[in-house]
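Subject: A structure for you to look at

Hello,

I am passing on the structure we talked about, and below it you will find what came out of going through it. Please keep the sequence and the 3D view open while you read.

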Amino acid sequence: MKITDESNCMPCPKCGDRGRVKDTRMSSFQGERCVIRRRVCPACGWAWSTKEVPVEVLSVLVADQRRWHMLAGALRGAIGDLEEEERGASD
Ligand SMILES: [Zn+2]
């Protein structure tokens, strides 16, 4: 993969090609600001979302195992919701 300085570049989870950011919005994660990006792959058409959380916040959560397991479950739900939303938007 070619390394570029384009910060929004992320490989497509389906085909590995370079995805593009379709939409960016602010959100929050455990009281910290985070960014949710809706992405689409021009090569295969797959659409997905990513959530950016500051590494410092994530490190603290991972260190706290019990809290992390709760959050991981909540995140799986949130990701499912985003994927549902994405599917609905592309219809
Ligand atoms: Zn793709």
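Strand β2 (residues 18-29) and strand β3 (residues 32-40) pair in the antiparallel sense over nine bridges, where two strands count as paired if DSSP finds at least two bridges between them, and where strands (E, at least two residues) and helices (H or I, at least four residues) are DSSP runs numbered from the N terminus. Within this pairing, Ser27 has Cys34 of β3 as its bridge partner. The two strands make a hairpin with two residues between them, and Gln30 in the turn has a positive phi of about 55°.

Before going further, please note that this is a predicted model, in which local features need pLDDT of at least 70 and side-chain atom pairs count only at pLDDT 80 or more, while totals for chains, interfaces and linings use all residues. Residues are numbered from 1 along each chain as its sequence is written.

On its other pairing, β3 runs antiparallel to β4 and is joined to it by six bridges, and here Arg37 is partnered by Thr50 of β4. The hairpin of β3 and β4 has six residues between the strands, with Gly45 taking a positive phi near 85°.

Taken together, four strands form an open sheet in the order β1-β2-β3-β4, with antiparallel pairing. Because β1 (10-11) and β4 stand at the edges and each has a single partner strand, one side of each is left without a neighbour in the sheet.

Along the sequence, the pattern reads β-β-β-β-α-α, which comes to two helices and four strands. Of the 91 residues, 7% count as buried, meaning that 20 or more other C-beta atoms, placed from the backbone, lie within 10 Å of the residue's own.

As for confidence, the average pLDDT (the predictor's confidence in each residue, from 0 to 100) is 80, and 87% of the residues score at least 70. Among the elements, strand β4 (residues 47-52) has the highest mean pLDDT, at 92, whereas helix α2 (residues 65-90) has the lowest, at 72.

Best wishes

How values were computed:
A residue is buried if 20 or more other C-beta atoms lie within 10 Å of its own, exposed if 12 or fewer, and partly exposed in between; C-beta atoms are placed from the backbone.
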